[in-house]
2 protein chains.
Amino acid sequence: MKSVKIPSITIYRLSVYARNLAYLDKKNVEVISSEHLADICGINPAQIRKDLAYFGEFGVRGVGYYVKDLLYQLQKILRQDRQWHLGLIGVGNLGAALLQHTHFLKQGYVFVAAFEKDEQKIGKRVGNIIISDIRNLEDVTKKTGMEIGVIATGRSSAQEIVDRLVDAGIKGILNFAPIQLQVPENVFIEYVDFTIKLDVLCYRISSNERERSKLNSIFPKAGSNDKKY
Amino acid sequence: MKSVKIPSITIYRLSVYARNLAYLDKKNVEVISSEHLADICGINPAQIRKDLAYFGEFGVRGVGYYVKDLLYQLQKILRQDRQWHLGLIGVGNLGAALLQHTHFLKQGYVFVAAFEKDEQKIGKRVGNIIISDIRNLEDVTKKTGMEIGVIATGRSSAQEIVDRLVDAGIKGILNFAPIQLQVPENVFIEYVDFTIKLDVLCYRISSNERERSKLNSIFPKAGSNDKKY
DNA sequence: TAGATTGTTAATCGATTAACAATC
DNA sequence: TAGATTGTTAATCGATTAACAATC
């Protein structure tokens with residue numbers, strides 16, 4: 001009865017596997033070992049086998065995994081075997097780019113609505129979508145069968161929008177706004193935050209340089225002996 | 001000599017703390033406890049104190065942290081106390097949105113160049129940047145003092161571009177292309193991948209529904225007894 | 001001083017990986 | 001059968017958190 005709680009990071013990797021299997025399939029690769037797939041994904045092969053074991057046995061011992069078959073199984077697990085209806089809130093530069101992001105469509109994600117508070121933008125078309133008034137959020141959400149809200153507003157309005165989406169019955173939120181949001185436990189939220197990733201990058205570069213200049217002052221020349229990878 | 005390796009996730013959280021401290025400072029909050037800050041960031045208070053302890057003692061026992069002071073210290077650690085020069089490769093919908101992303105500027109990130117292979121786009125202006133020919137990547141990188149490459153191309157060209165950026169001396173890459181990239185060990189890379197996040201979201205929604213319908217068939221009504229959070 | 005909150009240790013928790021029996 | 005690779009266990013590694021002495 002009590003099923004094992006599967007970690008988010010495992011699901012994340014499943015999606016990486018599926019993506020790369022789709023690529024291999026397109027290249028007409030028919031069979032792949034966990035070791036080779038691990039190479040492509042930048043992951044440990046035991047990790048892959050462990051991740052898959054949460055859901056069943058998909059491989060053939062001594063052989064590996066049939067690409068088409070494993071891909072099919074993963075798509076079923078991830079519910080990539082159907083369309084998902086997205087709604088965008090906040091049609092700024094980023095929001096507009098997401099509306100026109102063709103990669104989503106290939107993956108089964110379709111925007112069915114977009115919302116703005118800016119009167120100038122309401123009624124305009126971006127991609128295939130006519131922008132709605134944010135005041136009609138609840139109505140349009142229900143009419144269009146929106147299932148997932150994509151938040152591309154600023155920090156200040158994000159929580160209020162989330163509350164309204166939750167009340168309207170939305171079960172998932174992809175948040176691009178730089179703020180931690182509150183949702184009830186049967187609603188799920190994922191954060192996309194590239195400013196933080198830039199911060200991490202800059203820290204790593206700086207601390208690497210600090211490290212090197214320290215080494216250089218002790219062993220002059222040592223740091224300049226760069227190897228190719 | 002051998003300094004403790006600080007986990008990426010700690011740096012990630014440091015950036016979250018800094019962001020929220022900046023917000024608190026703007027609201028004229030002067031002192032904050034780890035418990036309250038933890039609330040805002042959606043993190044355990046012991047976690048915050050542990051993360052900070054990697055870098056020093058920034059608080060006052062019995063009091064908490066002075067917002068302005070801690071913010072200043074974090075910005076110094078993260079090297080947010082200077083400008084960073086970004087270069088964009090691939091000016092599609094997403095790339096163009098990033099070029100015009102005003103939030104970056106506030107954080108000290110400035111695009112100094114953008115590159116395309118599409119002749120139609122070369123020479124056009126987006127935001128403050130004139131798009132360069134990708135063939136001049138190495139030249140323009142050096143001339144503009146580009147430090148970080150932001151990859152917003154498709155999967156197929158990403159690795160080749162990374163190799164050229166690395167040869168041109170770039171030390172950090174923010175990658176939006178859906179592919180695992182190879183870099184030498186003194187070059188750092190961060191991935192932004194919102195399609196995967198959508199996949200995780202859909203899995204969570206689906207598995208939650210599967211769970212609920214299972215419960216409902218055993219204890220009818222149980223699932224409909226929704227509590228507010 | 002009494003109350004509060006930090007900095008830090010030690011315990012807990014969870015995720016990764018090596019190793020190998022099972023088996024194609 | 002011999003060789004290869006999975007599925008799974010057990011060991012390792014690392015991150016989170018509770019607890020509390022230090023101290024403002």
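Helices are DSSP runs of at least four residues, numbered from the N terminus. In this predicted model, the largest share of the surface near DNA strand D comes from helix H3 of chain B, which supplies four residues. Helix H3 (45–53) of chain A and helix H3 (45–53) of chain B each contribute at least two residues to that surface.

In total, 23 residues surround DNA strand D, and the closest are A:Ser34, A:Arg49, A:Gly59, A:Tyr65 and B:Arg61. By class, the residues of this surface comprise seven nonpolar, eight polar and eight charged. Sugar or phosphate accounts for 64% of the atoms of DNA strand D that lie within 4 Å of the protein, and bases account for the rest. Individual atom pairs illustrate these approaches. A polar backbone atom of A:Ser34 is 2.6 Å from a phosphate oxygen of DNA strand D. Another phosphate oxygen contact involves A:Gly59, with a backbone N or O atom at 2.8 Å. For A:Glu57, an N or O atom of the side chain is 3.3 Å from a sugar or linking oxygen of DNA strand D.

A base nitrogen of DNA strand C lies 3.0 Å from a polar side-chain atom of A:Arg61. The side chain of A:Arg13 places an N or O atom 3.0 Å from a phosphate oxygen of DNA strand C, and the side chain of B:Glu57 has an N or O atom 3.3 Å from a sugar or linking oxygen of DNA strand C. Two or more residues of the surface near DNA strand C are given by H3 of chain A and by H3 of chain B, with H3 of chain A giving the most, four residues. This surface holds seven nonpolar, eight polar and eight charged residues. Of the atoms of DNA strand C within 4 Å of the protein, 65% belong to sugar or phosphate, and the remainder belong to bases.

The two protein chains also meet each other. Their contact involves 76 residues from chain A and 76 residues from chain B. The size of an interface is often given as the accessible area lost when the parts come together. Between chain B and chain A the buried area is about 7100 Å², and carbon and sulfur atoms give 64% of that area. Two salt bridges are counted between the chains. In the salt bridge between B:Arg19 and A:Asp193, the closest N and O atoms are 2.6 Å apart. Across the interface, 20 residue pairs are in polar contact. On the side of chain B that touches chain A, helix H9 (residues 194–218) of chain B gives the most, with 18 residues. That side of chain B is made up of 41 nonpolar, 18 polar and 17 charged residues.

Helix H8 (residues 155–167) of chain A has buried residues that include A:Ala158, A:Ile161, A:Val162 and A:Leu165, as well as A:Arg155 and A:Arg164. Within chain A, the buried residues of this helix pack against strand E3, helix H7, strand E8 and strand E9, and they also pack against helix H1 (8–26) of chain B. A:Gly169, with a positive phi near 100°, follows helix H8 of chain A.

Helix H1 of chain B also contains B:Asp25. Apart from its neighbours within four places in sequence, B:Asp25 contacts B:Val67 and B:Lys68. The C-alpha atoms of B:Asp25 and B:Ala168 are 40 Å apart, and the two residues are separated by 143 residues in sequence.

Technical notes. Residues are numbered from 1 along each chain as its sequence is written. Chains are lettered from A and ligands numbered from 1 in the order in which they are written. This is a predicted model: local features need pLDDT of at least 70, side-chain atom pairs count only at pLDDT 80 or more; totals for chains, interfaces and linings use all residues. Side-chain values use heavy atoms; hydrogens and water are left out. Contact means heavy atoms within 4.5 Å. Buried area is the accessible area (1.4 Å probe) that two parts lose on being put together, summed over both. A salt bridge is a side-chain nitrogen of Lys or Arg within 4 Å of a carboxyl oxygen of Asp or Glu. A polar contact is a pair of N or O atoms within 3.5 Å; within protein, one must be able to donate a hydrogen and the other to accept it, and residues adjacent in sequence count only if both atoms are side-chain atoms. Ala, Val, Leu, Ile, Met, Phe, Trp, Tyr, Cys and Pro count as nonpolar, Asp, Glu, Lys and Arg as charged, and the others, Gly among them, as polar. Buried means under 20% relative accessible area, exposed over 50%, partly exposed in between (1.4 Å probe, protein chains only). A residue is near a molecule or strand if one of its heavy atoms lies within 4 Å of it.
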